[in-house]
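Work through these exercises with the model open beside you. Try each task before you read its solution.

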Amino acid sequence: MSDSHMHDFEAHVRAVEEDLEYYRAKRIEPRIFTLLRRGFIEFTDLFNAAASSAKAADSNQGNGQEKDLESRVRALEDGLDDYVREIGLLTSSIGGAIDVVTEDSRVERGDYNEFFRLTHREYKGTLDERVRSLTEDVAKNRRVLEVLARALIQRGILREDVLNKNREALRQAGPWHGGKIVARCWVDPDFKSKLISQGRPALRELDIPPGRVGKLGVLENTESVHNVIVCTLCSCYPYDLLGDTPWWYKQDIYKKRVVADPRKILEEMFELKLPQKMEVRVYDSTSDVRYMVIPRRPKGTEGMKEEQLAKLVTIDSLIGAGEAIEPSQVGHVKETQWGHPKPRPRDY
Amino acid sequence: MGTEQGSYKVGDKVAVKRENPSGNPRTPKYIRGKSGVITDVHGVISNLRDHRGLYPPLYTVVFDVKEVFGGASPDKLRVDLHEDWLERATPS
């Protein structure tokens, strides 16, 4: 039993190691270098910002040692999620004015010459030691981010009120990553295949916190196959990624009817009539693989920008209980609690 | 109990056991005793947030809606099931 527990933590700790290294080496440090090289900030701005900002972030360090390993792994994962959320927040608050291309070249990987290879951090030792180092490193990385934000504010590149407003909006709105993920799938087939084959790790390039509830299953709706998801035993869903489910997802009437006659319930409850020749696949999930559906891209959306496309994705469509809406419907269907359009089921 | 990789592969015909063999309750009642075909092998999934320890390997198994519920539905139902609930279907 203890062996299986070690194994259990091992997968989680390894995932944190990979994620943290990804965000450090590909998302944050290249951005800092770009800002320095393009003259947006100077090194001394970072020193000044570090000196003037309070070191409140790591006040909770040190008391982690008494907790059991499981609580520490969970705290570590939460810390990483917060870090990723802050990266996304900072990026969007700057307004995309300073975007960087992160290099992922063969030269850096050392395919041609070992000399050029970028150094990657490795975590060695027992699981316990690795969790301790990772916890320290998450705190350090968050500190770097905090100092960077401070420097950008002092330089007038980032407005503190905008940052705070966005942070508050994010807190109140809850996550709305579904649109972002689907829109990227529509415009970038490579991303889509990566998402379908790898699940959560593919989301790193969107600055979306990876989340940790189960594995992510991704089902693509096509001309010939329509997927719809349910969890008849409870209401499993990748809520950490996509936000809470719609209320009807937890209702027995939905659960019972969608497995027994999916086509009929889609038509009767969601006004979604599917062609006879289209295959309908219902997925009844457990908590271990949590599914999301990639709806079909609506016709007449060629050339639309990713952020516009994201607005066509409804919560229902992520479950397969609806399709993505047409551009003309944006703003004309009922708003959800997240401020995004969602057609309502007709009755019950 | 299977290895991490699991005993079944895509395309294998399996039957869902009627009884809960190990105390793992995560199998819907409606599917017990039914036969289907493995379409996905997920392996052992480490899911710290949802349950302690590890469950046996997980599979997606496809069933015909009409065989499970009767009726005339042409559609397919895929259910995620752990290995301890499955046995090899006897060839008919």
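**Exercise 1. How much of chain A counts as buried?**

Start with the ground rules. This is a predicted model, in which local features need pLDDT of at least 70, side-chain atom pairs count only at pLDDT 80 or more, and totals for chains, interfaces and linings use all residues. Residues are numbered from 1 along each chain as its sequence is written, while chains are lettered from A and ligands numbered from 1 in the order in which they are written.

Next, the test. A residue is buried if 20 or more other C-beta atoms lie within 10 Å of its own, exposed if 12 or fewer, and partly exposed in between, with C-beta atoms placed from the backbone. By that test, 37% of the 348 residues of chain A count as buried.

**Exercise 2. Find how well helix α7 of chain A is covered, and by what**.

Step one: know the elements. Helices (H or I, at least four residues) and strands (E, at least two) are DSSP runs, numbered from the N terminus. Chain A has 13 helices and four strands.

Step two: check α7(A), residues 178–187. Eight of its 10 residues are buried. Among them are Ile181(A), Val182(A) and Trp186(A).

Step three: look around the helix. The cover over its buried residues includes α8, α9, β4, α12 and α13 of chain A.

**Exercise 3. Describe the side of chain A that touches chain B**.

First, count. Two residues are in contact if their C-beta atoms, placed from the backbone, lie within 7 Å. Here 32 residues of chain A are in contact with 24 residues of chain B.

Then locate. The elements of chain A that give two or more residues to this side are α1, α3, α10, α11 and β3.

Last, follow the strands. Two strands pair if DSSP finds at least two bridges between them. β3(A) pairs with β4(B), residues 76–82, in the parallel sense over four bridges. Within β4(B), Arg78(B) is the bridge partner of Tyr283(A).

**Exercise 4. Which domains divide chain A, and where do they touch?**

Begin with the bounds, which come from an automatic or database domain assignment. Domain 1 of chain A covers 2–173 and domain 2 of chain A covers 178–329. Their centres, taken over C-alpha atoms, are 30 Å apart.

Now the contact. Domain 1 of chain A gives 10 residues and domain 2 of chain A gives seven. On the domain 1 side, α1 and α3 of chain A each give two or more residues. The largest share of that side, seven residues, comes from α3(A).
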